[in-house]
Amino acid sequence: MKKIAITGGKGGTGKSTIATALAFELAKKNKVLLIDADVDCPNDDLILGIKTKKVKDVENMIPKIDPEKCIKCGRCSEVCREHAIVFVKGKNPILISDQCTGCKACKIACPVGAISESKQKIGEIFIGKRNNLHLISGKMKPGVEESSLIVNAVKKYIKQKEKNYDYIIFDTAAGTHCPVIAVLLDVDLGIAVTEPTPLGNHDLDLILKLMKSIGIKSHIVLNRSDIADKAIIIKTAKKHKIKILAEIPYSKQIEKDYSAGRPIGHPAIQKIIGILK
Amino acid sequence: MKIAISSTGKTLEDNVDVKFGRCLYFVIVEIENKEIKEIKAIENIAIEQAGGAGITAAELVANQKVEAVISKNLGPRAHDVFSQLSIKVYQGEGKISEAVQQFIKGELIELSEPTGPQHRGMEKL
């Protein structure tokens with residue numbers, strides 16, 4: 001079983017397009033699990049035309065403060081990094097539950113044990129399938145502070161099922177922050193999808209640095225490779241001693257497939273499959 | 001009773017700041033028998049925060065033992081803090097001295113809902 005992350009730094013470079021196409025192609029001969037880890041806006045189900053159903057709520061701990069036991073010392077508020085507990089002298093502390101990430105520091109800090117654990121819903125997990133291709137999507141409740149909590153819940157959910165698959169493909173969010181890191185910590189290989197623009201190049205450099213610091217092997221797929229001079233990407237690739245694995249020139253057909261919600265077919269996908277074996 | 005006003009400066013001659021969590025100052029006014037008895041200003045330390053400014057600002061103001069707040073706008077988290085503490089928020093604008101007089105006369109409207117989404121105060125209003 002191999003775990004691959006499709007990432008890239010910049011948004012809109014084609015991460016989901018590549019992830020769904022790769023999963024679709026691999027599933028012709030293998031058992032494949034695609035994980036939509038872009039939990040803020042999961043939409044691989046739309047590209048693949050897979051109807052998903054909810055299997056689980058993702059819950060997170062929130063503190064419950066016992067007003068009888070509380071000695072109004074304010075320690076819980078002091079240790080809360082998210083400032084989710086407001087303390088006004090002489091009054092019981094107040095919880096702003098939307099702001100809470102469930103770290104439990106308040107519970108540990110409370111000198112009189114007035115804080116117990118309660119739960120709040122922060123997201124949902126959906127599943128769906130199309131023949132050998134199974135899809136699991138994490139979906140964050142809008143407004144939740146920390147999206148990596150949902151990614152981690154999805155990782156936990158698949159733990160027992162991993163052995164049933166030949167390939168597990170994670171489609172990550174854009175950026176290099178917590179929900180992306182949560183995926184990269186758990187894969188064998190990262191594929192950075194980028195485009196030959198200064199923005200694509202800038203964010204590619206960041207994601208390659210991140211993958212290096214985590215210690216996973218990375219490859220570059222250059223999407224819309226002919227819309228501008230790709231020299232900047234080649235330079236960044238050289239700097240990181242990585243070759244560009246595949247290039248996908250701009251094509252009306254790909255745009256049409258994408259707009260219609262169909263996984264794209266392109267020789268570049270075969271090149272990616274080649275390195276997975 | 002004490003009230004707090006989100007302010008652009010430290011005096012009654014300054015204006016009600018349209019922002020709450022990211023206003024520059026809070027003017028704290030003590031009212032007794034429908035007259036202003038004492039005035040002081042405190043700096044809003046929450047303005048530097050990347051997020052959660054409304055919560056910090058509301059906590060700052062609540063610790064001044066105020067019973068009411070005047071601002072033009074109020075975000076959802078500051079609103080949450082004030083409603084849990086039973087501190088009433090009224091919508092006011094223009095010169096602080098005038099807003100306070102309107103408050104004393106009972107002419108200001110209470111803000112029972114947040115006026116906008118989170119992080120609104122980071123924009124130029």
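**Burial, pairing and packing in a predicted model**

Author: In this predicted model, the buried residues of α1(A) are K15(A), S16(A), T17(A), I18(A), A19(A), T20(A), A21(A), L22(A), A23(A), F24(A), E25(A) and L26(A).

Reader: What makes α1(A) largely enclosed by the rest of the structure?

Author: A residue counts as buried if 20 or more other C-beta atoms lie within 10 Å of its own. Twelve of the twelve residues of α1(A) are buried, and therefore this helix is largely enclosed by the rest of the structure. Helix α1(A) lies across β1, β2, β7, β8, β9 and β10 of chain A, running at about 165° to β8(A).

Reader: How do you know that the span of helix α1 of chain A is close to the one expected?

Author: Helix α1(A) takes in residues 15–26, and from its first C-alpha to its last it reaches 16 Å, which is set against the 16 Å expected at 1.5 Å a residue.

Reader: Why is G128(A) called buried?

Author: The cut-off is 20 or more other C-beta atoms within 10 Å, and G128(A) has 20 of them within that distance, so G128(A) is buried. This residue belongs to strand β6 of chain A, residues 115–130.

Reader: Which residues is G128(A) in contact with, leaving aside its neighbours within four places in sequence?

Author: They are D45(A), I50(A), K51(A), T52(A), K53(A) and L135(A), each with a C-beta atom that lies within 7 Å of that of G128(A). L135(A) also stands opposite G128(A), in strand β7(A). P263(A), by contrast, is 135 residues away from G128(A) in sequence and 16 Å away in space, C-alpha to C-alpha.

Reader: How do you know that β6(A) and β7(A) pair, and in which sense do they do so?

Author: Pairing asks for at least two bridges between the strands, and β6(A) and β7(A), the latter spanning residues 133–140, are joined by eight bridges in the antiparallel sense. Both belong to an open sheet of nine strands in chain A, in the order β3-β6-β7-β2-β8-β1-β9-β10-β11, with mixed pairing.

Reader: What makes β3 and β11 of chain A the edge strands?

Author: Strand β3 (53–65) and strand β11 (244–248) of chain A each pair on one side only. Within this sheet, neighbouring strands are turned by 20° against each other on average, direction ignored.

Reader: Why are α7(A) and α8(A) called roughly parallel?

Author: Helices α7 (residues 198–214) and α8 (residues 231–239) of chain A pack at an angle of about 10°, with their axes 9 Å apart. Angles under 35 degrees count as roughly parallel, and therefore α7(A) is roughly parallel to α8(A). At this contact P198(A), N201(A), L204(A) and D205(A) in α7(A) meet I232(A), I233(A) and T236(A) in α8(A), and these residues divide into four nonpolar, two polar and one charged. Helix α7(A) also lies across β1, β9 and β10 of chain A, running at about 170° to β9(A).

Reader: How do you know that strands β1 and β4 of chain B pair?

Author: At least two bridges are needed, and three bridges join β1 (residues 2–7) to β4 (residues 68–71) of chain B, the two running parallel. A4(B) has V69(B), in β4(B), as its bridge partner. In chain B six strands form an open sheet with mixed pairing, in the order β3-β2-β1-β4-β5-β6, whose edge strands are β3 (35–43) and β6 (109–110) of chain B. Helix α3 (residues 96–104) of chain B lies across β1, β2, β3, β4 and β5 of chain B, running at about 145° to β1(B).

Definitions and conventions
Residues are numbered from 1 along each chain as its sequence is written. Chains are lettered from A and ligands numbered from 1 in the order in which they are written. This is a predicted model: local features need pLDDT of at least 70, side-chain atom pairs count only at pLDDT 80 or more; totals for chains, interfaces and linings use all residues. Helices (H or I, at least four residues) and strands (E, at least two) are DSSP runs, numbered from the N terminus. The expected span of a helix is 1.5 Å times one less than its number of residues. Two residues are in contact if their C-beta atoms, placed from the backbone, lie within 7 Å. Axes are lines fitted to C-alpha atoms, for helices over the stretch in contact, and angles run from 0 to 180 degrees between N-to-C directions. Angles under 35 degrees count as roughly parallel, over 145 as roughly antiparallel, 65 to 115 as roughly perpendicular and the rest as oblique. Ala, Val, Leu, Ile, Met, Phe, Trp, Tyr, Cys and Pro count as nonpolar, Asp, Glu, Lys and Arg as charged, and the others, Gly among them, as polar.
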